[in-house]
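Biologist: Could you take me through this one slowly? I'd like to know where the labels come from.

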Amino acid sequence: MPCGEDWLSHPLGIVQGFFAQNGVNSDWEKKVIEYFKEKLKENNAPKWVPSLNEVPLHYLKPNSFVKFRCMIQDMFDPEFYMGVYETVNRNTKARVLHFGKYRDVAECGPQQEVDLNSPRTTTLERQTFYCVPVPGESTWVKEAYVNANQARVSPSTSYTPSRHKRSYEDDEDMDLQPSKQKDQHAGARQAGSVGGLQWCGEPKRLETEASTGQQLNFLNLSSPFDLNFPLPGEKGPACLVKVYEDWDCFKVNDVLELYGVLSVDPVLSILNNDERDASSLLDPMECADAAEEQRVHSPPASLVPRIHVVLAQKLQHINPLLPACLNKEESKTCKFVSGFMSELSPVRAELLGFLTHALLGDSLAAEYLILHLISTVYTRRDVLPLGKFTVNLSGCPRNSTFTEHLYRIIQHLVPASFRLQMTIENMNRLKFIPHKDYTANRLVSGLLQLPSNTSLVVDETLLEQGQLDTPGVHNVTALSNLITWQKVDYDFSYHQMEFPCNINVFITSEGRSLLPADCQIHLQPQLTPPNMEEYMDSLLSAVLPSVLNKFRIYLTLLRFLDYSISDEITKAVEEDFVEMRKNDPQSITADDLHQLLIVARSRCVSQRTYLLTQEYPIKL
């Protein structure tokens, strides 16, 4: 059995060991998962695993053990693959049994070929996710993960860096790789694929780039591959993630941390091009849709690598300063969390002072901003999301850089955020709602396809007079529905599908916002800096990094604190509400009670005072 660093550099060797010991018995798969689970429990072991988020793809060795922090952008149809297959030596007729799990390309030795008719062949099913880096992930989060990662990597000699547009000549260059890499794929000499595993034949002369270009132009495939990121300007790798167990536990927009085997085999690109060549021989109108779907679902491995998942964990948050899991039971026993809880009051006081300066001396607006930043949808009652707290900060100076720099402050505090500049052009031009492309059979992303706990800052100060066209009206409606119901209706052409979300929306505007909000607070500046950029820069530089990290921990941790109300306090709230209705029956409604309870809950959580005690009575 391989040992030492073999599990990082040669994970398939580990899998082969268990497969050889147990044969076709399904226990070998469980033993593989348990092995890697135990390895990752060792001291600092996750930090030694190279991450696709931090390490350039061409620095990673093919078939090595990697991790990836990502969001599920789309789910493709399940695919079948050869879980177990048999090869036959053409000379000696000797038969060898192989496993197909965690592989894209069937492994064959010299003079061997796959026996497609073997009774020992087992066909299994796996799910494919299209995953992208977490949209809007803050720079400080990326830097913290980079600094924590201790993986040692060097440029791979068996991998060609990605290109946005590749010709067949580029693919030919891939054949000029070290002999070790050639030997790895020299076994299977037939060209084709079956059961999700592909095998390569003798490298044949590929067609000229000119004829290829004509085909690509005809099929409208000559444009660079769209990585389908929800937000503009995003960078990082997108991956096709192959999941073998418990894929029903995951859904679109979940944030995951994946550990698995990296597959960037150049053979995948050659085989996919061969399939497109074959499809071009069919009727042009019939093959166009199939070719586009093939391009999207099987992009070049050098551009969209594959990860065969061994372990997958759904992340509650992406704050690298906190433990990954913050459920109620584990947070009680976590020394770090319990230690930080004793510092909540002084940290809150410092954060309030920091945000007061950022809001030009308005301490009341800073209080509401804290409540907004720690708010979260903690449950849903029928269609009503409980816990959301959208704040509209009005009174922001028009045509000023204040809102831009205020967003920069928020970026330094939250793990993921995005600033939507609400101009007429953006509202008419940008795609907010994800929609289904049936030609390519994929979900095309939109601005509102965001993971839970993302901070969305809508800058309405940039809005000027103009005409919203139909897409613009639809975008405003989608934004309003997101704020009110915490859901986005994805467009599937023939119907709409609701996707619940948990996104904190903060609106900056000159007057009252055109969008709905749970609370409006008018900015009351106590000072007017002559240079806003210098003022905000000096504010950030004056805060010690350790203090800034405490702010970040505070705002993330409070979202997961347990909260309850005693029967006695519930009765007192009901009596107060009845009294308020008697005094002013026209203006006091159930919605007002709901908002007051949200504010009271957020204040209690932010100061760690609980309504179940008599020390913090609510007077409505």
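**Where the labels come from**

Modeller: Happy to. Keep in mind that this is a predicted model. Let's start with valine 573, which is found in helix α19, residues 567-583.

Biologist: What makes the pairing of serine 445 with phenylalanine 229 a polar contact?

Modeller: A polar atom of the serine 445 side chain is 3.2 Å from the backbone oxygen of phenylalanine 229. The limit is within 3.5 Å, so the distance passes. Setting aside residues up to four places away in sequence, serine 445 also touches Gln73, Asn228, Pro230 and Pro434, among others.

Biologist: Which residues have the most contacts inside the largest nonpolar core?

Modeller: Phe354 and Leu413, in a core of 57 residues. That core takes at least three residues from each of domain 2 (331-543) and domain 3 (562-619). Another core lies apart from it, with 27 residues, including Phe418 and Ile507.

Biologist: What does leucine 413 touch, leaving aside neighbours within four places in sequence?

Modeller: Its contacts include Trp140, Leu351, Phe354 and Leu548. In soluble globular proteins, nonpolar side chains tend to be buried together.

How values were computed
Residues are numbered from 1 along each chain as its sequence is written. This is a predicted model: local features need pLDDT of at least 70, side-chain atom pairs count only at pLDDT 80 or more; totals for chains, interfaces and linings use all residues. Side-chain values use heavy atoms; hydrogens and water are left out. A polar contact is a pair of N or O atoms within 3.5 Å; within protein, one must be able to donate a hydrogen and the other to accept it, and residues adjacent in sequence count only if both atoms are side-chain atoms. Contact means heavy atoms within 4.5 Å. Helices (H or I, at least four residues) and strands (E, at least two) are DSSP runs, numbered from the N terminus. A nonpolar core is a set of buried Ala, Val, Leu, Ile, Met, Phe, Trp, Tyr and Cys residues joined through side-chain atoms within 4.5 Å. Buried means under 20% relative accessible area, exposed over 50%, partly exposed in between (1.4 Å probe, protein chains only). Domain bounds come from an automatic or database domain assignment.
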